[in-house]
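Hello,

Here is the structure I promised to pass on. Please open it and keep it beside you as you read my notes below.

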Amino acid sequence: MSEQRSSSTRLDLEAAERLEKQTDSELRFRNLSGLAAPIVSAALVALSVFHYWTAGFGIMTEHWHKAIHLAAVLALVFIMFPGGRIFSFGPKWGGVPVLDWVLATAIIIATIYLPVVFDELTFRIGMPNDMDMLMGTIMIVLTLEAVRRSMGIILPIIVLVFIAYALWGNLLSGVLSHPGADWAGFVNHVYLTQEGIFGIPAKVVATYVFHFVLFGVIATRMGLGQFFIDIATIIAGRYAGGPAKVAVLASAMFGSISGSSIANTVTTGSLTIPAMKRVGYKPHFAGAVEAAASAGGQITPPIMGAAAFIMIEFLEITLTTLLLAAAIPAAMHFWGVFVQVHFEAKRLGLRGLEQSELPKLWPTLRDGWPTVIPLVLLVYVILAGYTPYLAAFVGITACVVVGFLNPRNRLTLRDLWIALDTGARYALAVGAAAAAVGMVVGVVTLTGAGFRVGFIVTQAAASAAAFFTPVLDLMPAGFVSLQGLTLFLTLVFIAIICVLMGAGIPTTALYIILAAIAAPSIVQLGVPPIAAHLFVLYFGILADLTPPVCVSAYAAAGIAGANPFRTGLTAFRLGIAKATVPFVFAYAPVMLIVTDGFTWDAFLLVTLTCAMGVLFIGIGLTGYAFTHMGLLSQLLLILGALLMIAPNGPLAIVGAALAAPVLLVNFLKSRREAPRPAVT
């Protein structure tokens with residue numbers, strides 16, 4: 001890289017990876033020894049090469065492709081993740097208990113069994129024989145254990161609750177009651193069919209997610225992440241509170257290739273958080289800025305996160321459609337964070353970076369422009385209508401070619417090996433989770449739980465809305481309707497459920513569960529499916545910022561040396577747009593561009609009023625516009641901002657009428673406080 005780059009903006013990937021492993025439970029691998037270490041590394045690289053090769057030269061028969069993927073992923077989980085005391089007894093080989101090698105072998109056999117007998121299953125679906133039952137039981141039990149090791153105990157418990165519901169739901173009364181299923185019927189449904197472990201989640205991880213994770217890792221290794229950070233520093237670093245604005249811009253750009261909140265936080269945060277503290281931001285605020293900005297990675301095109309690829313399968317839409325739909329809401333999230341860091345800097349009188357701390361523009365462009373080529377090619381292939389995995393294949397190939405040919409940031413064979421190894425490691429936990437959550441989807445299709453839960457939520461919202469009928473009757477026509485209030489309360493209930501469940505479940509697994517049981521209730525009220533699914537995805541990701549289990553905030557607090565809980569609360573405040581914008585596109589799907597009834601007039605009106613509302617709510621939460629404002633002014637401005645964000649013309653007018661006087665008074669106050677020139 002350029003010798004003129006300031007050391008304060010140089011990205012240390014090894015240090016970032018160490019920080020990520022400390023904060024992300026999905027990356028806490030065993031320390032292998034002896035021959036086991038190179039053998040497992042070779043297996044990881046082979047797994048990456050397998051996915052790369054099939055993406056470019058043709059995916060094999062679907063049931064074989066998924067089986068090979070799952071067999072490798074689940075077996076590697078048993079080898080690489082410790083199982084705790086109960087699995088640590090007995091002899092070891094390579095630092096791994098022999099029992100875990102046995103379990104890894106057993107899961108391979110149970111997984112590969114299905115494609116081996118696939119042709120025979122046509123004649124006995126619904127009537128599994130003894131071998132089917134044995135292999136299915138092994139598969140179910142060991143999949144749950146693999147998820148426990150790689151992601152913790154919460155997700156397996158939730159899956160077990162759904163399994164119990166499938167087996168004994170007939171004992172319940174009311175809407176949730178169903179005829180029930182015996183163990184043979186359950187194994188048949190979630191193991192022998194494509195409705196469970198081998199269902200859509202496993203398919204998406206095997207054909208989409210793995211490839212894009214690998215692309216992000218290799219692209220970062222060959223210098224694209226560093227280029228993004230340098231460009232963001234050049235653009236925003238010199239202005240008031242510059243490092244915080246750099247954090248927002250860099251996280252938006254880096255998040256477009258990583259799709260992981262924690263990876264984004266530790267990678268860009270290792271540079272931006274110390275710089276923010278250096279110019280005067282408090283440690284908890286510096287950590288919160290990075291956590292809030294980095295949480296946007298999973299909603300930022302073109303990579304987004306694993307949940308995005310599962311969404312396109314659930315909704316049966318193209319990736320291009322989803323990327324267009326996600327663009328404006330993602331921009332609103334980063335706009336909301338940017339607004340607050342700007343006015344916080346003004347309130348505190350913070351400086352920007354010195355000229356000596358900024359990278360030079362020409363050397364940065366000269367050294368870094370080739371690293372953008374893979375991303376441009378990937379986006380072009382997606383927009384041209386080709387499959388996402390072909391786009392990833394083109395992007396990965398371009399990364400390798402550019403990395404080997406770029407003389408100023410050359411990718412070595414060792415770098416490539418590490419990237420292939422790391423990419424496979426990052427995909428292990430999400431692959432195991434996809435298999436486990438597939439069982440949840442299987443239970444939903446077996447019992448109809450999605451519509452049952454949706455009915456309960458919508459009925460509760462309708463009852464609560466009916467309580468306010470006398471108040472609604474007093475309001476002018478066009479302000480709030482009973483149907484609109486029912487939808488609002490339904491969205492609030494589901495948002496609370498998303499945040500609570502997100503406290504212990506990774507985003508991808510949470511989205512799959514919520515897409516099966518919560519999204520249908522929103523769709524029943526007339527919201528387009530893509531808006532309903534994005535709604536639950538947004539609030540699932542919001543859990544990364546919400547105490548007590550705010551993993552992105554914990555990672556940022558560790559770098560900043562701040563209190564994690566306080567950092568999480570501040571990060572939630574900074575990311576408030578992520579909690580408000582989903583309500584906008586639920587009521588006004590025109591913001592998503594791709595829904596029916598789109599018109600430019602409606603789109604511009606909704607988007608501009610939302611942007612102004614996000615601006616005003618940021619000012620209100622910060623307590624500073626042109627000068628400091630009192631608590632009453634803050635409350636009035638926030639109320640006006642919320643009414644402006646609401647995609648309702650009369651409410652937006654009322655909101656503007658509340659906000660405008662507050663800002664005018666604040667401006668006049670700033671003029672009175674300004675120092676007057678001396679009289680000569």
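Thr458 sits in helix H20, which covers residues 449-467. Keep in mind that this is a predicted model. Is Thr458 buried or exposed? Its relative accessible area is 9%, so Thr458 is buried, because buried means under 20%.

Next, look at what surrounds Thr458. Leave aside its neighbours within four places in sequence. Thr458 is then in contact with Thr486, Thr490, Ser521, Gln524 and Leu525.

Where is Val175? Find the loop between helix H7 (154-168) and helix H8 (183-192); Val175 lies in it. Val175 counts as partly exposed, because its relative accessibility is 35%.

Now go to another loop. Phe89 is placed between helix H3 (62-80) and strand E1 (92-93). Phe89 has 54% relative accessibility, so Phe89 counts as exposed; the cut-off for exposed is over 50%.

Which residues does Phe89 contact, leaving aside its neighbours within four places in sequence? They are Pro97 and Leu99. Phe89 and Leu99 are 10 residues apart in sequence. From C-alpha to C-alpha, Phe89 and Leu99 are 8.3 Å apart in space.

Best wishes

Terms used
Residues are numbered from 1 along each chain as its sequence is written. This is a predicted model: local features need pLDDT of at least 70, side-chain atom pairs count only at pLDDT 80 or more; totals for chains, interfaces and linings use all residues. Side-chain values use heavy atoms; hydrogens and water are left out. Helices (H or I, at least four residues) and strands (E, at least two) are DSSP runs, numbered from the N terminus. Buried means under 20% relative accessible area, exposed over 50%, partly exposed in between (1.4 Å probe, protein chains only). Contact means heavy atoms within 4.5 Å.
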